[in-house]
Amino acid sequence: MAIDTQTLVTTAAAQLIDAVRSVRKEYLGETIYGAMFHEFYGDGTVIYWPMVTVGTEETLAEVVADYTARSGPEEGLADSLRWSGPDLTHGFEPTSVLQELADTVQASTGAGSTQWERQYDRWLRCFPKAAKLAMKQLVAEGIVSKSFVAIAADEAGELIPLSLTKAQLVAHFPEYDEAERERRRLAALPVEGRVAELLPEAVAPRYQGPLIGEHESLLVGCGAAAVPALVSVVRHETLARGDVVAARLLAEINIDTPDVIDALDGLMRAKKAQLNSRAWAAGALARLGRSDLILTRIAELPSDVVVRGIADPFSSFRDRGAHRALDYEPLEHALAARPELEPAFAEELRPGSGYCALAPDETPTARAALASRWEVVRVHARAVLEDAGVPA
């Protein structure tokens with residue numbers, strides 16, 4: 001069922017307008033500079049309607065002074081708090097009526113369905129439109145000045161640019177303009193140069209610069225060109241750390257060259273390596289269709305490496321990047337070889353831990369798994385079928 005985006009936009013705009021009117025009426029002497037939707041949440045089974053917070057110069061100054069008194073002066077503190085809804089004073093929780101509308105949206109998307117992410121994205125994009133609509137009306141009514149801006153402030157920051165004009169974005173959020181310049185600069189580099197710049201921040205991030213949180217996806221976007229560099233990290237030939245992330249990114253790129261398989265297999269078997277690194281290497285091998293390398297050493301590998309490795313293609317991590325078709329045979333073989341690991345597999349793949357999304361051509365595989373002798377297999381197959389809206 002399609003969600004009614006127009007109703008969502010007008011209802012959300014009215015929520016923000018009412019909040020600003022309330023602050024203007026109660027705090028007449030304060031200078032309102034902006035308002036924001038924030039605290040967006042959706043996990044596949046529930047959607048929460050966001051809060052609205054109205055920012056004023058006076059309350060921002062109070063918050064900055066309080067932070068400074070507790071932690072000492074900090075450069076850029078006022079800028080970082082200006083659009084931090086949870087830190088500001090004039091916040092408005094959604095009414096029960098608004099939450100009921102969010103519940104209706106959730107019901108229309110289908111809890112856990114393969115279409116949920118796409119529908120949830122449509123829901124999120126209603127709020128930048130609502131911010132623009134509310135801003136236009138508030139300025140027209142003279143309740144706020146022409147410098148006032150309203151935004152949808154999601155955690156990833158992806159909705160903020162959608163809420164504003166280019167001029168407003170540069171004026172109030174110059175870091176977004178800087179980030180776009182950096183993306184374009186990287187895109188113009190030869191792919192080898194791009195990989196060289198992205199690799200350190202992707203696998204061992206220092207969390208600096210305008211592209212914080214984007215380096216991994218940009219590196220995966222380099223495809224085959226990124227593979228040799230990631231292999232060198234897995235082999236501990238370059239960089240002092242980062243083998244876990246490098247193994248995961250090789251799985252997301254999903255190109256199984258001999259060098260890739262050899263490097264991951266070596267890390268999985270390396271007794272001096274950290275157990276977590278070995279488990280991620282095993283998971284990457286499984287996602288690359290090489291669970292056989294885990295199964296041939298199932299008696300000698302640590303239980304955690306076996307369980308996490310074999311289970312990885314059945315988790316939500318499988319859906320990050322490219323992946324192979326659903327196949328329960330490796331899990332069946334692992335359980336047959338080491339039945340004592342069934343409780344560990346059941347815990348690793350417990351309902352609610354995050355399952356892979358079932359593609360339409362994988363339905364026969366999941367249905368066949370309903371007849372498995374192993375409960376953990378049956379539970380997973382039943383859940384992914386239900387999530388996909390396919391009768392078991």
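In this predicted model, helix α14 passes helix α15 in a left-handed crossing. Two packed helices are described by the angle between their axes and by the distance between those axes. For α14, which spans residues 258-269, and α15, which spans residues 275-287, the angle is about 145° and the axes lie 7 Å apart. On the side of α14 the contact is made by I261, L264, D265, L267, M268 and R269, while α15 contributes S277, R278, A281, A282, A284 and L285.

Rolling a probe the size of a water molecule over the atoms shows where empty space is left. The largest pocket has a volume of about 1,300 Å³, and of the 38 residues that line this pocket, those closest to its centre are D154, E155, A156, G157 and Y176. Two or more residues of the lining come from each of the elements α3 (77-82), α5 (116-124), α7 (160-163) and α9 (174-188), and α9 gives the most, with five residues. The lining as a whole divides into 19 nonpolar, seven polar and twelve charged residues.

Side chains of opposite charge can pair when their charged atoms come close. With a nitrogen-to-oxygen cut-off of 4 Å, the count comes to 28 salt bridges. One of them joins the side chains of R181 and D177, at 2.5 Å from N to O; both residues lie in helix α9, four residues apart, or about one turn of the helix. The side chains of R183 and E180 also meet in a salt bridge, at 2.9 Å from N to O. Because R183 and E180 are three residues apart in helix α9, about one helical turn separates them.

Conventions:
Residues are numbered from 1 along each chain as its sequence is written. This is a predicted model: local features need pLDDT of at least 70, side-chain atom pairs count only at pLDDT 80 or more; totals for chains, interfaces and linings use all residues. Side-chain values use heavy atoms; hydrogens and water are left out. Axes are lines fitted to C-alpha atoms, for helices over the stretch in contact, and angles run from 0 to 180 degrees between N-to-C directions. A crossing is left-handed if the near helix is turned anticlockwise from the far one by less than a right angle, and right-handed if clockwise. Contact means heavy atoms within 4.5 Å. On a 1 Å grid over the protein atoms alone, a cavity is a set of points where a 1.4 Å probe fits but cannot get out, and a pocket is an open set with protein on both sides within 12 Å along at least five of seven lines; lining residues have an atom within 4 Å of a point. Grid points are joined across faces, edges and corners, and a volume is the space filled by probe spheres set on the points. Ala, Val, Leu, Ile, Met, Phe, Trp, Tyr, Cys and Pro count as nonpolar, Asp, Glu, Lys and Arg as charged, and the others, Gly among them, as polar.
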